[in-house]
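Please work through the exercises below with the sequence and the model open side by side. Each task is followed by a solution in steps.

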Amino acid sequence: MSQAGRVVVYGGRGALGSKCVSALKANNFWVGSIDLNENPEADLNIVLEKDSDLVQQEGTVLDKIKSALEGSKLDAVICVAGGWAGGNAAKDLIKNSDLMWRQSIWSSLISASIAAQHLKTGGVVTLTGAKAALEGTPGMIGYGMAKSAVHHLTKSLAGADSGLPENSLVVAILPITLDTPMNRKWMPKADFTTWTPLEFIAELFVEWIRGKNRPESGSLLQLVTKNSNTDVIPVHKY
C-alpha cells in the first residue's frame, strides 16, 4: 500500500498527540513527532531540550524536519502540545504564565514556522486553543492569555500574506475538557459524558487532511460534548 502522505504532530507523546499519531499511522501516513519524549510509533522523533529557548527549539526542529523530508512536502502540521496551570494575579502569575507561554505559544509558533517552509499547497495546520479563553479566566490567567494568543495566531495565519502556502486550512480546536487518563485521575467524580474523546479529535484531523468536511480557514472550533456526543461549533464572533 502506498503512503497516504506526511504529517508532523507537535506534542506527539501526550495523550491527544499519541492518539493522533496512532490514527495517522493506521491510515498509512508517515508521521513525525515533536515532544520532550520519543513516541515509539512515529517515523521521526524530534526530542526537544526542555531548557532550550524558542529560537534554539525552532532551529533544531526545522533542521531535522528538512533533513527527514528531503524535499517532500507535509500534508499537515498538527499542534496538540500544551498544558494547564491555574493562578491569579496574587498567586503564581508570572511562573505559570511563563509555563503556559512555553507550552502553548512556543509550540504553536514553531508549528507555523514548519508549515511556512514545508507544508504543501492546500495543506492543514491545526492549533489548540480553549473554549474557556473566549472569556476572562481570572483563576487561570496565564492559561487564558496563552490560549487566546493561539486563537489570534490562528486568525492571522489564515489571512492573506500570512506566509503559509496557498489554500492552507488553518483552524484551532477549542476543547472544554479532554477525556485523558490524567484528567480522569485528577477528577474521578466528574461527568465523563461531557468530556471530549481523543479518538473523535484524531479522526476529525484525518478527515480534514483527506479533504473531507473541511471547515473555513481561520475557524475557532468549540468541541462541545454532551451525553458522549461531540458537536463542532464554530465561534462566529471573536
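Predicted model: local features only at pLDDT ≥ 70, side-chain atom pairs only at ≥ 80, totals over all residues.

Residues are numbered from 1 along each chain as its sequence is written, and side-chain values use heavy atoms, with hydrogens and water left out.

**Exercise 1. Describe the surroundings of serine 168.**

Step 1. Locate serine 168: the residue lies in the loop between helix 4 (141-158) and strand 6 (169-175). Helices (H or I, at least four residues) and strands (E, at least two) are DSSP runs, numbered from the N terminus.

Step 2. Examine the side chain: one of its polar atoms lies 2.6 Å from the backbone oxygen of proline 165.

Step 3. List the contacts (heavy atoms within 4.5 Å): leaving aside residues up to four places away in sequence, serine 168 touches Leu119, Gly122, Gly123 and Ser217.

**Exercise 2. Identify the residues of the largest nonpolar core that touch the most other members.**

Step 1. Apply the term: a nonpolar core is a set of buried Ala, Val, Leu, Ile, Met, Phe, Trp, Tyr and Cys residues joined through side-chain atoms within 4.5 Å.

Step 2. Among the 38 residues of the largest core, those touching the most other members are Ile34, Val61, Ile65, Leu74, Ile114 and Leu127. Helix 3 (residues 93-118) gives the most to this core, namely six residues.

**Exercise 3. Characterise the lining of the largest cavity.**

Step 1. Apply the term: on a 1 Å grid over the protein atoms alone, a cavity is a set of points where a 1.4 Å probe fits but cannot get out, and lining residues have an atom within 4 Å of a point.

Step 2. The largest cavity has a volume of about 30 Å³, a volume being the space filled by probe spheres set on the grid points, which are joined across faces, edges and corners.

Step 3. Its lining consists of Cys20, Ala23, Leu24, Ile78, Ala202, Phe205, Val206 and Ile209. Helix 6 (198-209) gives the most to this lining, with four residues.

Definitions and conventions
Polar contact = N/O pair within 3.5 Å; in protein donor to acceptor, adjacent residues only side chain to side chain. Buried < 20%, exposed > 50% of the residue type's maximum accessible area, 1.4 Å probe, protein only. 1 Å grid on protein atoms, 1.4 Å probe; cavity = no way out; pocket = protein on both sides within 12 Å on 5 of 7 lines; lining within 4 Å.
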